[in-house]
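Subject: Structure handover

Hello,

Here is the structure I promised to pass on. Please open it alongside this note.

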Amino acid sequence: MVIKQLSVFLENKPGYLLCAADSLAKNGVNIRALSLADTAEFGILRLIADRPEEGRRVLSDLGLVVRLTDVLAVSMDDTPGGMLTVLSCLGEAGINVEYMYASSGSGRRAVMSLQTSDTARADAILREHGMAEPSPEDLA
Amino acid sequence: MPYFDEKNETLSEEQLRKLQSERLRETVRRSYENVECFRRRMDEAGIRPEDVRGVEDLGKLPFSYKSDLRDYYPYGLFAVPMEQVVRLHASSGTTGRRIVVGYTENDLSMWEECIARMLTAIGVGKADVVQISFGYGLFTGGFGVHGGAQRVGATVIPISSGNTQNQIRTMIDFGATVLCCTPSYAMYLAEEIEKLGVRDRLKLRVGVFGAEPWSEKMRAEIEAKLGIKAYDIYGLSEVMGPGVACECPEQSGMHVWEDHFLVEIIDPDTGRQLPPGESGELVFTSLTKEAFPVIRYRTRDVCRLIPERCRCGRTHIRMAKPAGRTDDMLIIRGVNVFPSQIEEVLLAVSGGEITPNYRIVVDRVNNTDTFEVEVEMSESFFSDNVRMIETFERRITEQLRSTLGIGAKVRLVNPNSLERSEGKAKRVLDLRAGKI
Ligand SMILES: [Zn+2]
């Protein structure tokens, strides 16, 4: 399924990441998954939060540049090989995965967030292959 | 190609230098006799008027400055008795006290000629209706161009600036063929005319724009929107007013009327004359002005002369558009850099909508200047894609290099992280003072 991810521009200076996480926590925004893409010059912080819109407000208030972007979320068995199935389905369809990151869901399930070259088509393909959508608890 | 004064506009190099030398000697002599400030500076420098034999001795003479006009306000720099002064112009300036300049009958006639030369060169004459939307009054724009337009026999509409609806109506009703105003006002008029959808009812074919800096991009836009040819005119009231230098049909630099004005480019820090073609501070010496002669007047405009002969046939040297003011100029690794150039690059790279907030940081490390441009990130440039941001950053870097001729390190920073004072962003952080 397609869900909203928070993308945050981070200047390469210590403290911004901590500050962002701290503010979200204080405002009761729960971070489900997080990744940091880092270049020598800047970083992009990507977050899956339970309340993305509220998360955006909180981070904007800090003076950060934030954008809500679409990513695919897939729920899979938290066992070896779970991720391989997803990647091979997309690979066969010629869809590139630009980045992905995972978080442990409830029980033995893991939630994978994926950015691909074609979000809509990737979503359809994964549904066709019977990939499970994350349950509300997985994202809560 | 029509000339207003063919003989003087096409003097050979040798004839020009001879004429300039005669006139320089005369100007120095008269100024020495009549202007106390100049006489004192000459005496302090140990230079006698007769030490100046010709243009080759120009570099010996002391400079004059805008502050002189304030220090000797109102008439202390006038070189003729007030009985001979027939006109005054003044400007308040954005900083400090106002300044005043005066003109004799001959001065006004020479001023008219300078502008008449330009108008004739760009094909404006008796058949034209010239709408002068420069401000009239103490500002030199309105009356300056007015005299020149009348001199070529055109019909003059002395409408002055302001009241846009009336400007457009007048243009239509009176069939104006030439528009004279500041380029920003021309742009505004063009937009209003577009909105009203009345361009077809205009007879405009030529524009004479000046009194403020404008870019080639702006020229192209004004020309396209109004369907005219737009020409640049340069001048400052301390030296005379608009018409010190004027474009010709080639639209590639403004001819400085060298039989009336000597032009130099100097290094603003050392005061040394720079070779032709190099960029530095523009300095003028008047050769024929009577009431208010200027000798080596420092304009604070940074500019470059174009020594190559112009295709139009006029022999007088051309100057490029001033690149900026010496007050704003930074010298980084020996190259002149203006904040305005960086602004232009940022505006272009970010799609021409809004200029991102930025700051220039210059420092010196191991005897070398470091040059960094910090650009504030904003929602409109941010994407979730690392490569897109890197591309944005790289395009700024490349454009800066090709515009400035030196490399800058571009750093993207968080919004609102650059220091502001009184709401205005501080554009330059120069940390080099005292460092070797
Ligand atoms: Zn020319």
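Below is what turned up, by region.

One caution: this is a predicted model.

**Helix pair in chain A**

Start with helix 3 (residues 82-92) and helix 4 (residues 119-128) of chain A. Their axes come within 10 Å and cross at roughly 120°. Angles of 65 to 115 degrees would count as roughly perpendicular, and those over 145 as roughly antiparallel. Helix 3 and helix 4 of chain A are therefore oblique to each other. The crossing of these two helices is right-handed. On the helix 3 side, the contact involves A:Val86, A:Cys89 and A:Leu90. They meet A:Ala122, A:Ile125 and A:Leu126 of helix 4. By class, this contact has six nonpolar residues, no polar ones and no charged ones.

**Sheet in chain B**

Next, chain B. Four strands form an open sheet there, in the order 19-18-17-22. The pairing is mixed. Strand 19 (409-413) and strand 22 (428-430) are the edges, each pairing on one side only. On average, neighbouring strands are turned by 20° against each other, direction ignored.

Look at strand 17 (residues 358-365) of chain B beside strand 22. The two run parallel and are joined by three bridges. B:Val361 stands opposite B:Leu429, which belongs to strand 22 of chain B.

Two helices of chain B lie across strands of this sheet:

- Helix 10 (residues 339-349) lies across strand 17, strand 18 (368-376) and strand 22 of chain B, and runs at about 125° to strand 17.
- Helix 11 (residues 386-404) lies across strand 18 and strand 19 of chain B, and runs at about 140° to strand 19.

**Backbone points to check in chain B**

First, a cis peptide bond. It joins B:Tyr73 and B:Pro74, with omega about -5°. B:Pro74 sits in the loop between helix 4 (66-71) and strand 1 (85-91) of chain B.

Then, two arginines. B:Arg300 is not a glycine, yet has a positive phi of about 70°. This residue lies in strand 12 (residues 297-306) of chain B. Its relative accessibility is 39%, so B:Arg300 counts as partly exposed.

B:Arg333 also has a positive phi without being a glycine, here about 45°. Where is B:Arg333 placed in chain B? It is in the loop between strand 15 (330-332) and strand 16 (335-337). B:Arg333 counts as partly exposed because its relative accessibility is 37%.

Over to you.

Best wishes

Notes
Residues numbered from 1 in each chain as written. Chains lettered and ligands numbered in written order. Predicted model: local features only at pLDDT ≥ 70, side-chain atom pairs only at ≥ 80, totals over all residues. Heavy atoms only, no water. Axes fitted to C-alpha atoms, helices over the stretch in contact; angles between N-to-C directions. Parallel < 35°, antiparallel > 145°, perpendicular 65-115°, else oblique. Left-handed = near helix turned anticlockwise from the far one by under 90°. Contact = heavy atoms within 4.5 Å. Nonpolar A, V, L, I, M, F, W, Y, C, P; charged D, E, K, R; others polar. Pairing = 2+ DSSP bridges. Buried < 20%, exposed > 50% of the residue type's maximum accessible area, 1.4 Å probe, protein only.
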